[in-house]
Amino acid sequence: MTDHPAAPGTARRLSWIYPDRGTAWMRQAEQDAVWGPYQEIAADLGLEFTVNKPEEVAVDATDPGRPKVYLDGAPVTPADTIFVTSLYSLPHQTQDVCNQVFLFTILERLGFYLPIPPALSYIGEDKLASVVHLAGSPIPLLPTVRVGSGREAMAGRSDAALAALPFPLIVKPAYWGMGLGISVVHNMHDLKGLIGLAGGSDTALVAQPYLKVVREQRVYVVDGQAHTVLYGYKDGYCLAVTKASGGRHERGYSALPPELADTVAYVAERLPTPYFTLDFLFDGERHWVSEIELDGAVAFNGIPEQDAAARAIVRARFEAYLAGFARWHAAGDDQPRRRQG
């Protein structure tokens, strides 16, 4: 790593803040399918790519007017580093949530360019927050009810809210991902049992209608425009399109269907970030917006056709980050933000 400062508006480092609490198998899978290819693409763009735990960032504010930030012991500044700050809250990362939330907020206040601003990350991570934020979408979001869990989950305080949806229901954690924890419930007794189990991890749940015939379309959106669309299908009774849950993706990628264009434009306007993914479900009669992901990962699987498309998506994403970084500095937003009023 060079000791010379980068020119204003020219990033030289892309740091992904990621709470690494996976097993050896998980780490290797992530390296092969995601981090390794990301690193190669970043290098092609002249960027040093690193994946850093939240605790690898330290801030010296003994002089509040001249704070110093260290990444794994080395100094970094808003002039040379882009931090990717998407909130991760899978069950094995729960203990890292507070550290992420406050670290992301601090980095934002210190003037670093964060292509996924903390406020948007929090909205994108919680499925009910996404529904509220995108109210008014031309294609509606799935009807959603959010309920808490915990030691008093059996008290019945959520019954009135849950009465808004008919059974059967898809019930899943409000802020997990990768198809984890998805269940189908057919009556209130099953639902309360599931809420009770979720209390073991203090995990909030969302309930949504169970759509039996589903095709998923994942739209990769770069700088407000649909870049590529990936189609997925549920096989049989599986509950998610993700491969780990029994789903499958079509070989290859496609262009955006015209009927989805207005909704993509609407969501892009509501999400001022250079990149996100937007999932649609088709139940055989109509489309629904399923969810958004501010850090929608692009996985590489060794199939040349798909890997070429994946590389194009990731490269476009990183180029959009670099363009956003340049605009950030041109606008003078790289200065520490002081309290207003």
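Pro-168 lies in the loop between helix H5 (159-162) and strand E8 (169-173), where helices (H or I, at least four residues) and strands (E, at least two) are DSSP runs numbered from the N terminus. The peptide bond joining Phe-167 and Pro-168 is cis, with omega about 0 degrees. Most peptide bonds are trans, and most residues other than glycine have a negative phi. The structure described here is a predicted model, in which local features need pLDDT of at least 70 and side-chain atom pairs count only at pLDDT 80 or more, while totals for chains, interfaces and linings use all residues. Residues are numbered from 1 along each chain as its sequence is written, and side-chain values use heavy atoms, with hydrogens and water left out.

The protein has 8 helices and 15 strands. Of its 341 residues, 48% count as buried; buried means under 20% relative accessible area, exposed over 50%, and partly exposed in between (1.4 Å probe, protein chains only). Among contacts with a separation of 6 or more, 67% are made by residues 24 or more positions apart, a contact being heavy atoms within 4.5 Å.

Two residues other than glycine have a positive phi in loops between strands. Asp-72, in the loop between strand E4 (68-71) and strand E5 (74-76), has phi near 50 degrees. Its relative accessible area is 58%, so Asp-72 is exposed. Asp-223 is found in the loop between E11 and E12, and its phi is also near 50 degrees. With a relative accessible area of 43%, Asp-223 is partly exposed.

The largest nonpolar core has 54 residues, where a nonpolar core is a set of buried Ala, Val, Leu, Ile, Met, Phe, Trp, Tyr and Cys residues joined through side-chain atoms within 4.5 Å. Leu-14, Trp-16, Tyr-38 and Phe-318 have the most contacts inside this core. Helix H8 (residues 304-330) gives the most to the core, with 9 residues. Apart from residues up to four places away in sequence, Trp-16 touches several aromatic residues, including Trp-35, Tyr-38, Phe-49, Tyr-88 and Phe-318.

Trp-16 also touches Asp-295, which is placed in the loop between E15 and H8. Asp-295 counts as buried because its relative accessibility is 11%. The side chain of Asp-295 makes a polar contact with the side chain of Trp-16 at 3.2 Å, and a second polar contact, of 2.5 Å, joins the side chains of Asp-295 and Tyr-88. A polar contact is a pair of N or O atoms within 3.5 Å; within protein, one must be able to donate a hydrogen and the other to accept it, and residues adjacent in sequence count only if both atoms are side-chain atoms. Beyond its neighbours within four places in sequence, Asp-295 is in contact with Trp-16, Ser-86, Tyr-88, Ile-116 and Arg-317.

Ile-116 is also touched by Thr-85, a residue in the loop between strand E6 (81-84) and helix H2 (97-109). Thr-85 counts as buried because its relative accessibility is 0%. The side chain of Thr-85 reaches the backbone oxygen of Ile-116 at 3.0 Å.

Helix H1 (residues 24-44) has 21 residues and reaches 28 Å from its first C-alpha to its last, close to the 30 Å expected at 1.5 Å a residue; the expected span is 1.5 Å times one less than the number of residues. H1 bends by about 55 degrees at Gln-31, the bend being the angle between axes fitted to the seven residues ending there and the seven starting there. The buried residues of H1 include Trp-35, Tyr-38 and Ile-41. Strand E1 (13-17), strand E2 (48-52) and H8 are among the elements that cover the buried residues of H1. Just after H1, Gly-46 takes a positive phi of about 80 degrees.

Strand E14 (residues 275-282) and E15 pair in the antiparallel sense over 6 bridges, a pair requiring at least two DSSP bridges between the strands. Asp-279 has Glu-291 of E15 as its bridge partner. The hairpin of these strands has 4 residues between them, and in it Gly-284 takes a positive phi near 100 degrees. Strand E15 (residues 287-293) is largely enclosed by the rest of the structure, because 5 of its 7 residues are buried. Both E14 and E15 are among the elements covering the buried residues of helix H7. In H7 (residues 261-270), these buried residues are Thr-263, Val-264, Tyr-266, Val-267 and Ala-268.
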